[in-house]
Amino acid sequence: MFNSKIKRILITGGGGFIGGEVIRLLLKESNLQIFNLDKIGYASDFTGINNQIANLGKQYENRHKIIHADLTNYEQTEDAILKSDPDLILHLAAESHVDRSIDNPRIFINNNIIGTYNLLEASLKFYLNLSDERKSFFKFHHISTDEVFGALGFEGKFSETTRYDPRSPYSASKASSDHLVSSWYHTYGLPTVITNCSNNYGPWQFPEKLIPNVILKSFYNQKIPLYGDGKNVRDWLFVEDHAEAILLIASKGRIGESYCIGGDSEKNNKEVVLAICEVMDQIKPNNKPHESLINYVQDRPGHDFRYAIDFNKIYREFGWRPKFSFSESLERTVKWYLENLDWCEKIKNKANYDGSRIGLKK
Ligand code: NAD
Ligand code: DAU
């Protein structure tokens with residue numbers, strides 16, 4: 001998968017949903033030593049990684065090391081880089097929930113912008129001290145979102161050349177971090193690559209996001225909140241597909257480039273909710289269909305209407321396209337959550353999150 005000279009990888013945000021999936025894939029399909037830098041915030045959990053290590057065998061235990069550090073602290077960040085001595089950095093750490101960014105934008109500015117700035121500074125200092133040989137394969141891969149491009153109407157798709165037009169504090173903070181990464185490449189010569197991906201779903205996602213939230217609400221027979229008229233469109237990608245695309249770009253992506261990653265699976269929110277309700281009707285029938293729980297609620301402020309991704313560049317250059325179908329992977333995800341209700345309760349309690357509506361204007 002990687003150039004054999006690459007031995008050590010530093011992943012930021014590996015306690016989160018997507019970072020955890022990337023680490024599970026790396027454990028299975030590479031020999032790399034993995035350093036997992038995370039501040040261990042409300043959405044962090046290592047159960048999925050620990051289960052994977054337990055399944056693969058004890059000899060894998062030393063392959064994954066957690067570094068408890070916060071990117072908003074420069075000293076901790078620099079220390080983590082020196083400790084891990086990486087050949088590759090995958091930067092996933094971020095505050096990731098749009099609704100939380102509406103309630104508390106400062107957290108997003110600090111973690112996503114200042115955090116990325118600290119990581120870039122420390123990475124550049126580290127990179128400049130590497131031997132020419134190690135410099136030749138070192139890479140800094142920044143994982144970002146399609147939300148930096150703003151909102152589409154009924155037509156068109158985002159691509160690598162789409163103008164940035166973020167609309168929420170979250171997407172503005174991610175857009176800023178993309179610009180910082182790009183400027184560290186152009187100005188200082190740090191070898192960077194950026195990926196912008198659409199909505200992910202799958203196991204181990206913190207239950208505040210649409211799909212796990214709806215699964216849990218329908219399981220407990222609670223009202224299912226659908227924002228606005230339910231017609232906003234997202235392009236859904238199964239998280240295993242995203243992890244595979246990340247490792248592909250980390251290994252083969254061209255320096256200084258950005259790549260869009262998408263699911264080829266546009267759905268409006270009502271369609272997603274109905275699809276979950278249909279699976280629930282089959283595996284946990286109620287006296288009434290689960291769709292009767294749908295409750296139209298006040299819209300998200302600044303709610304982006306539609307996202308869609310043209311992933312032709314990554315397909316053309318590397319032959320990547322999503323492997324997993326939405327309906328099968330959604331069913332798998334619903335079943336996973338129903339089998340892991342204890343984990344959901346545990347992580348929600350730890351985060352002091354009771355599933356109430358967040359993200360309305362102050
Ligand atoms: P997540 O919220 O599940 O996990 C993020 C992790 O980053 C958490 O463990 C958190 O503790 C850590 N983190 C945050 N700030 C930190 C800091 N200052 N220092 C150290 N660790 C910190 O998020 P996710 O859904 O796994 O998203 C991962 C990345 O992918 C993010 O950068 C996000 O913007 C991007 N992304 C997410 C999606 C999606 O649908 N979830 C889609 C495209 C891109
Ligand atoms: O597009 C990529 C982005 O996808 C990532 O960068 C973000 O980190 C990730 O959180 C996600 O952002 P969204 O805002 O699209 O995801 P969320 O799950 O919060 O909402 C998906 C859609 O569902 C959105 O249109 C709002 C709506 N929604 C959400 C929730 C939580 C509801 O209708 N009801 C809900 O309860």
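Trainee: Buried means a relative accessible area under 20%, exposed means over 50%, and partly exposed lies in between. With that settled, is serine 198 buried or exposed?

Mentor: This is a predicted model. In it, serine 198 has a relative accessible area of 5%, so the residue is buried.

Trainee: On to the ligands. Which residues come nearest to ligand 1?

Mentor: There are 29 residues around ligand 1, and the nearest of them are Asp38, Ser96, Asn111, Tyr170 and Lys174.

Trainee: How far is a polar side-chain atom of lysine 174 from an oxygen atom of ligand 1?

Mentor: That distance is 2.6 Å for lysine 174. Tyrosine 170 also takes part through its side chain, where an N or O atom is 2.7 Å from an oxygen atom of ligand 1. Leucine 92 contributes through its backbone instead, with a polar atom there 2.9 Å from an oxygen atom of ligand 1.

Trainee: How much of the accessible area of ligand 1 does the protein cover?

Mentor: On its own, ligand 1 has 830 Å² of accessible area, and the protein covers 95% of it.

Trainee: Which elements give two or more residues to the shell around ligand 1?

Mentor: They are helix H1 (17-29), strand E2 (33-38), E5, H7 and E7. The largest share comes from E5, with 3 residues.

Trainee: What is the make-up of the shell around ligand 1 by class?

Mentor: The shell around ligand 1 has 13 nonpolar, 12 polar and 4 charged residues.

Trainee: Now ligand 2. How many residues surround it, and which are closest?

Mentor: Ligand 2 is surrounded by 23 residues, the closest being Thr145, Asp146, Tyr170, Arg300 and His303.

Trainee: What about polar contacts? How far is serine 96 from an oxygen atom of ligand 2?

Mentor: For serine 96, a backbone N or O atom lies 2.7 Å from an oxygen atom of ligand 2. Asparagine 199 uses a polar side-chain atom, which lies 2.7 Å from an oxygen atom of ligand 2. Asparagine 213 also uses its side chain, with an N or O atom 3.0 Å from an oxygen atom of ligand 2. As for cover, ligand 2 taken alone exposes 680 Å², and the protein buries 94% of that.

Trainee: Switching to aromatics: how many pairs does the structure hold?

Mentor: The structure holds 22 aromatic pairs. One of them joins phenylalanine 154 and phenylalanine 305, whose ring centres are 5.1 Å apart with planes at 65°, so the pair is edge-to-face.

Trainee: Where do phenylalanine 154 and phenylalanine 305 lie in the chain?

Mentor: Phenylalanine 154 is in the loop between strand E5 (139-145) and helix H7 (169-188), and phenylalanine 305 is in the loop between strand E12 (294-297) and helix H11 (312-318). The pair links distant parts of the chain, 151 residues apart. Phenylalanine 154 counts as exposed at 70% relative accessibility, whereas phenylalanine 305 is partly exposed at 25%.

Trainee: And why is the pair of tryptophan 204 and tryptophan 343 called edge-to-face?

Mentor: The planes of tryptophan 204 and tryptophan 343 stand at 90°, with ring centres 5.3 Å apart, so this pair is edge-to-face. Tryptophan 204 lies in the loop between strand E7 (199-201) and H8, and tryptophan 343 in helix H13 (residues 341-350), 139 residues apart. Tryptophan 204 is buried at 15% relative accessibility, and tryptophan 343 is buried at 7%.

Trainee: Which residues form an aromatic cluster?

Mentor: Tyr201, Trp236, Phe238, Phe324 and Phe326 form one aromatic cluster.

Trainee: Last one. Which residue lies over the face of tyrosine 42?

Mentor: Arginine 100 does, at 3.8 Å from the ring centre. Lysine 135 lies over the face of tyrosine 127, at 5.8 Å from the ring centre.

Conventions:
Residues numbered from 1 in each chain as written. Chains lettered and ligands numbered in written order. Predicted model: local features only at pLDDT ≥ 70, side-chain atom pairs only at ≥ 80, totals over all residues. Heavy atoms only, no water. Near = heavy atom within 4 Å. Polar contact = N/O pair within 3.5 Å; in protein donor to acceptor, adjacent residues only side chain to side chain. Areas by Shrake-Rupley, 256 points an atom, 1.4 Å probe, with all protein chains shown as cover. Phe/Tyr/Trp six-rings, centres within 6.5 Å; stacked < 30°, edge-to-face > 60°. Helix = DSSP H or I, 4+ residues; strand = E, 2+ residues; numbered from the N terminus. Buried < 20%, exposed > 50% of the residue type's maximum accessible area, 1.4 Å probe, protein only. Lys NZ or Arg CZ within 6 Å of the ring centre and 35° of its normal. Nonpolar A, V, L, I, M, F, W, Y, C, P; charged D, E, K, R; others polar.
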